[in-house]
Amino acid sequence: MAGQDEKKSSDGPRKLDRRDVLKGLSTVPALGLFGYAWQTQRKYQQAKAEEAAAPPEAPKDLQVVNVALLGAGAQGQVLQDSMLRIPGLRFRAVCDIWEEYNQKRVVNTFRKFKHEVNAYEDYREMLDKEKELDAVVIATPDFWHAEHAISCLKAGKHVYCEKEMSNTLEGARSMVLAQRETGKLLQIGHQRRSNPRYLHCYNKLITEAKLLGRIVTVNGQWNRAVSPDLGAPDRYAIPQARLTQFGFKDMHQFRNWRWYKGKGGGPIVDLGSHQIDIYSWFLGANPSHVMASGGNLYHDPATHEWYDTVMVVYDYDTPLGATKAYYQTQTTNGSQGYFENFMGDQGTLLMSESEMNYPGTLYRDPNAPAWDEWVQKGYVTAPKEQETKPKSEGAIADVRESVSPDQHTLPVTLRDPYHQPHLQNFFDAVRGKAKLNCPAEEAYMTAVAVLKVNEAVEARAPLSFKPEDFKV
Amino acid sequence: MDPRSPSRHTDVDGGLAIARDLVGIRRFSHEAMATVYEIYTVHPDEQYAAQAAQAAFDLVDRLERELSRFQPNSDITRINQLAAGAHTRVTPSTLECLVIARHMFELTGGAFDVSIGTGLASLEIDPDELVVRASTTRVRVDLGGIGKGYAVDLAAELLEDWGLERSLVHGGFSSVLALDPPAGGEGWPLTLSDPRDPSRVLARLSVRQTALGASGVRKKDHIVDPRSGDPARGRLASWVAVARPPAAPDGGARTAPATVADALTTAFMMLSVEEIRELCARTPGVEAWILPDDNERAVLHIVGSDTA
């Protein structure tokens, strides 16, 4: 070993083995053992609490909402993280069929933060026993959404249900009907609808200031790199009888249901639905036609029944005129990630939920009216400085490399996790203090537009929508 | 997590590397936190191992979203935006990371400071309510010196959950956690080398159930001493090994050796040799290698008193 050691070591590699140090650990817990740090923190906090005033909670009159989480997988955990940040919620129950893993993890997290939740495998038992629930948040596989949402609504609960609303139009339609019949709230998880950046674009830039003029084309994408199919730790496999009971052929299908016909809808539904929802929202119309090409170009068709690659063009008859909107999703190369790009005759808006990658950029067409008013009002940032005036008098231009068009940026940032504003909107509505940003009827229209893409791929021909297709 | 910061280059390769080509070992790589994470593991089923590695990488990506100060809606960005008296809720992972960071601040007498001298003490952390409150507006947190190790610790726990006990995880080689070695081996072979001259191997180690962290400076890089605000001088690199304690039987308390190693290695770029020696002596399971920035560049190996 080079250099000088404070202790002599043998010629071979030094062995570091935890057995060497076990003795010391019990007496000096200074190794960053989390438990120790935690304990220290608690003492610190107790002292703080004694000397300080009330905890930093929301207003005292905030009505507590009793909540259950139905579906504790990856998406359920994303929603859990967001909901733990929303004041005034009391979590009562968690339901998931993967007791051995996800259910346990989510329950432990809730309990760690003082929510005494009960755990269930079957949602019917949960609805029978948890009488105090006000709301259920559903993040189960798409093919369960209709049954879960309808049962919860009929049990008198308000429901937040992840998109896609359902894997079938009949399922989605029955959810709308159940919502109407029960009068309970049903919010669908198209979370961009509550994102302040998207709301700003829709309300201020497109509707009020009309900065883009007439939007004639739209394009967007969600590209992802190849990744292995989802697996599960062997020791936590769900017994086959339970898998069968809840509609899964095997553990692989349970983990990868999004790829299977009759369970999910493939990437166009998982990913495309979020952005196609924005197309229709911003254009103020539903599509009139769709043509699409797609296929399973890369993955094993035995385990990937849906298309890994889809390219689709929608026709829209918007209040301002005809629009073509392109969308693609592919699962073999993540280049440029996900974004939406709205192109009008007066400007362009390029944005994404991922603000880090796409901060929200607006380009003004050189012939469009000046945006000074909107800069002054704070609707867009001042343009990036473009020096175009000639330096010497008498010349009309300084000839040089081309100057880019005026480039502005969205002045609005989302500081909370992506799903939090949409969940907050739902709980505000439960308290009677807000209107839902994505109620069932609205999400149904998106389901109609999106589920048709898989049909169009199969038909290899343009398909048309009738206005009544979008109504229940 | 901190690659774009001109002032703190704790993430540069401190000269820690896998010593030789390993036969029969599966390797999986993933870009995250502005570096490459890798998992070396032994398992007969390639697909199963790949799925486990992917699950671990998904976890690292999630942590990056929560802990990065470059992400506009991360917990850390929200903390850094807090006005005096304001508070924000954070995820359990962020909270854990901050609690450990505060603990390391105390352990190192402020030499490891995720607020880089802007006042870590002015952040009040309420673990029950998942709330962080700022008592001043000026505090700025950067978990670049600890987040990578934290992600490595959690990824390792996940791999064990999947039954991949014979694994090694690292984030950009500056934060390494060796679990059990491949069958028949005594440990995972690692080298420590001179960051100014990577061909100069300073130490060869064989490690198991141990985390190793590395900090180093290349030319023109520097690390700011949070206690003075001045660039730390006199060190080219430091490495810290932290023994991984066995998991608590109730599964409740988390062990975080890579997180600790990550923090200590930053602190050891600044602490005096005497301070490092004293810290190692009262903290069993920790040992350090220090490479001074002088003509001799002779590595100094400091072993805690309880480490045989």
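Okay, a term before we start: when I say two strands pair, I mean DSSP finds at least two bridges between them. Here's one such bridge, from chain B: Glu287(B) has Val303(B) as its bridge partner in E14(B). And keep in mind that this is a predicted model.

Let's stay with chain B for a bit. Chain B has six helices and 14 strands. Of its 308 residues, 57% are buried. If you take the contacts in chain B between residues at least 6 apart in sequence, 64% of them join residues at least 24 apart.

E13(B) covers residues 286–292, and six of its seven residues are buried, so the strand is largely enclosed by the rest of the structure. What does E13(B) pair with? One partner is E14(B), residues 300–303, joined to E13(B) by four bridges and running antiparallel. Another is E12(B), residues 235–243, with seven bridges to E13(B), again antiparallel. If you want a pair to click on there, Ala237(B) stands opposite Leu291(B).

One helix in chain B I'd like you to look at is H3(B), residues 92–107. How many of the 16 residues of H3(B) are buried? It's 13, so this helix, too, is largely enclosed by the rest of the structure. The length works out as well: at 1.5 Å a residue, H3(B) should span 22 Å, and its end C-alpha atoms are 22 Å apart, so the two agree. Just after the helix comes Gly109(B), with a positive phi of about 60°.

The contact between them takes 18 residues from domain 1 and 25 residues from domain 2. Which helices of domain 1 touch domain 2 with at least two residues each? H4(A), H6(A) at 142–154 and H7(A) at 169–182 all do. H7(A) gives the largest share of that side, four residues. By class, the domain 1 side has 10 nonpolar, three polar and five charged residues.

Let's go through the sheets in chain A. One is an open sheet of six strands, in the order E5-E4-E3-E6-E7-E8, with parallel pairing. Its edge strands are E5(A), 118–120, and E8(A), 186–188, and each pairs on one side only. On average, neighbouring strands in this sheet are turned by 20° against each other, ignoring direction. To see one pairing up close, go to E3(A), residues 65–70, and E4(A), residues 89–95: they run parallel and share six bridges. Val65(A) stands opposite Leu89(A) there.

And what lies across those strands? H4(A), residues 99–112, lies across E3, E4 and E5 of chain A, at about 160° to E4(A).

Another chain A sheet is an open one of nine strands, in the order E16-E15-E14-E13-E9-E12-E11-E10-E17, and here the pairing is mixed. E16(A), 407–409, and E17(A), 463–464, stand at the edges with a single partner strand each, so one side of each is left without a neighbour in the sheet. Further in, E9(A) and E12(A), residues 321–330, pair in the parallel sense over seven bridges. Asn223(A), for one, has Gln330(A) as its bridge partner in E12(A). H11(A), residues 267–283, lies across E9, E11, E12 and E13 of chain A, running at about 160° to E12(A).

Last stop: Gly220(A), which is in strand E9(A), residues 215–223. Buried or exposed? Buried, because 23 C-beta neighbours sit inside 10 Å of Gly220(A), and 20 or more is what it takes to count as buried. Apart from neighbours within four places in sequence, Gly220(A) is in contact with Gln275(A), Tyr327(A), Phe339(A), Glu340(A) and Asn341(A). And for a sense of distance, His148(A) is 72 residues from Gly220(A) in sequence and 32 Å away in space, C-alpha to C-alpha.

That's the tour, thanks.

Methods: Residues are numbered from 1 along each chain as its sequence is written. Chains are lettered from A and ligands numbered from 1 in the order in which they are written. This is a predicted model: local features need pLDDT of at least 70, side-chain atom pairs count only at pLDDT 80 or more; totals for chains, interfaces and linings use all residues. Axes are lines fitted to C-alpha atoms, for helices over the stretch in contact, and angles run from 0 to 180 degrees between N-to-C directions. Two residues are in contact if their C-beta atoms, placed from the backbone, lie within 7 Å. A residue is buried if 20 or more other C-beta atoms lie within 10 Å of its own, exposed if 12 or fewer, and partly exposed in between; C-beta atoms are placed from the backbone. Ala, Val, Leu, Ile, Met, Phe, Trp, Tyr, Cys and Pro count as nonpolar, Asp, Glu, Lys and Arg as charged, and the others, Gly among them, as polar. The expected span of a helix is 1.5 Å times one less than its number of residues.
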